[in-house]
Amino acid sequence: MTIDWDAEAAEKAGYEHFMLKEMYEQPKTVADTAGPRIKKNDIVIEELGMTDEEILQVKKIHIVACGSAYHAGVSGKYVLEGMARIPVEVDLASEFRYRDPILEDGAMVIVISQSGETADSLAALREAKKRGFKVLGIVNVVGSSIAREADNVMYTWAGPEIAVATTKAYSAQLIALYLLAMKFARVRHTVTEEEFSEMLGDLRRLPDQIELLLNNKNRIQRFANRYIAAKEVFFIGRGIDYAISMEGSLKLKEISYIHSEAYAAGELKHGTISLIEEGTLVAAVATQPALFQKTISNMVEVKARGAFVLAVTCEGNREIEKAADYVIYIPITNRFFTNSLAIIPLQLFSYYVAVGKGCDVDKPRNLAKSVTVE
Ligand code: M6R
């Protein structure tokens with residue numbers, strides 16, 4: 001089988017690290033993953049292998065994955081449920097495979113994986129198939145085990161990803177999930193035609209907006225340099241912002257070795273807030289209009305206990321400045337797509353903290369690019 005990835009894609013092309021190069025490839029990745037599936041004013045996902053009738057019969061979606069792919073799945077849950085009104089359960093593959101999951105008629109299983117070789121994800125796929133359910137793989141590596149064993153494969157066209165910490169493949173996974181949600185929402189009439197075409201417009205604008213955020217790297221680098229000696233960092237958010245926080249936190253800990261946790265902002269007061277002390281960095285993501293005020297209250301709570309609050313929010317939300325010490329604004333987009341923009345400054349932040357600490361950014365200790373063993 002010939003895979004048409006060019007050799008240049010696996011070289012650093014003048015960038016200091018693969019991770020930086022791959023972050024900069026995200027506008028292209030997003031465009032490549034979405035573009036071919038946007039036909040005129042519709043979303044066409046031929047690889048899905050499902051008729052509209054079959055889409056209407058889906059009663060529940062199970063998303064199974066590991067690591068960042070799992071975080072994309074958590075984001076996908078909010079998007080699919082919010083947009084297409086289908087219940088979604090997200091499982092870590094290592095849990096799904098052993099918990100004797102309840103899969104009922106009308107269930108659809110989606111396995112997400114960059115490498116397509118992650119042992120737990122592959123085992124989860126086999127478990128679902130053994131029980132007679134069809135599996136859709138959202139996979140980056142063409143011809144990988146998950147791609148071969150899934151009933152249908154929706155490829156993320158991110159190209160080869162070399163850095164252990166995923167950036168562009170995660171961004172492509174988000175896009176694949178948005179496309180699915182939009183497709184399902186249109187077929188199930190849970191969005192109006194007007195809303196659908198507005199979403200298409202927003203989807204098309206994402207690559208340029210990501211580019212804009214990447215161009216802001218110097219400001220984020222300066223900020224990151226202040227946190228090289230941090231002992232721990234918390235990421236908080238609600239809804240989709242919680243999913244972004246999980247990924248932001250994983251990026252930081254895996255490459256900079258700084259302990260970090262992501263919390264659903266409303267859950268902080270149930271224990272974790274006791275860890276906040278003078279100077280603790282709390283990154284608060286607040287992109288969801290309906291949850292904005294709630295997250296601001298949580299920011300005020302941690303600030304009152306001495307935290308330094310970094311906020312990531314949408315342009316125009318100036319009110320956040322009263323509760324934050326440092327604000328990063330992302331361009332306006334559909335509320336379901338904010339993850340694709342808010343994750344960019346968090347990736348850059350992690351990268352520059354790790355570089356500042358002198359860490360081996362592309363090959364963090366104890367980690368492998370594909371986890372092919374249990
Ligand atoms: O290849 P996969 O997407 O199946 O890999 C899953 C995880 O191992 C992976 O996302 C891991 O968490 C990365 N190091 C995250 O940057």
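Author: Here is a chat about the ligand site and the salt bridges.

Author: This is a predicted model, so local features need pLDDT of at least 70, side-chain atom pairs count only at pLDDT 80 or more, and totals for chains, interfaces and linings use all residues. Residues are numbered from 1 along each chain as its sequence is written, and side-chain values use heavy atoms, with hydrogens and water left out.

Reader: How many residues surround the ligand?

Author: 14 residues do, where near means a heavy atom within 4 Å. The closest are Ser113, Gln114, Ser115, Thr118 and Glu254.

Reader: And how does that shell divide into nonpolar, polar and charged?

Author: There are 5 nonpolar, 7 polar and 2 charged residues. Ala, Val, Leu, Ile, Met, Phe, Trp, Tyr, Cys and Pro count as nonpolar, Asp, Glu, Lys and Arg as charged, and the others, Gly among them, as polar.

Reader: What lies 2.5 Å from an oxygen atom of the ligand?

Author: An N or O atom in the side chain of Thr118. A backbone N or O atom of Thr166 is 2.9 Å from a ligand oxygen, and a polar side-chain atom of Lys251 is 3.1 Å from one.

Reader: Switching topic: how many salt bridges?

Author: The count is 24, taking a side-chain nitrogen of Lys or Arg within 4 Å of a carboxyl oxygen of Asp or Glu. One of them joins Glu89 and Lys60, at 2.5 Å from N to O.

How values were computed. A polar contact is a pair of N or O atoms within 3.5 Å; within protein, one must be able to donate a hydrogen and the other to accept it, and residues adjacent in sequence count only if both atoms are side-chain atoms.
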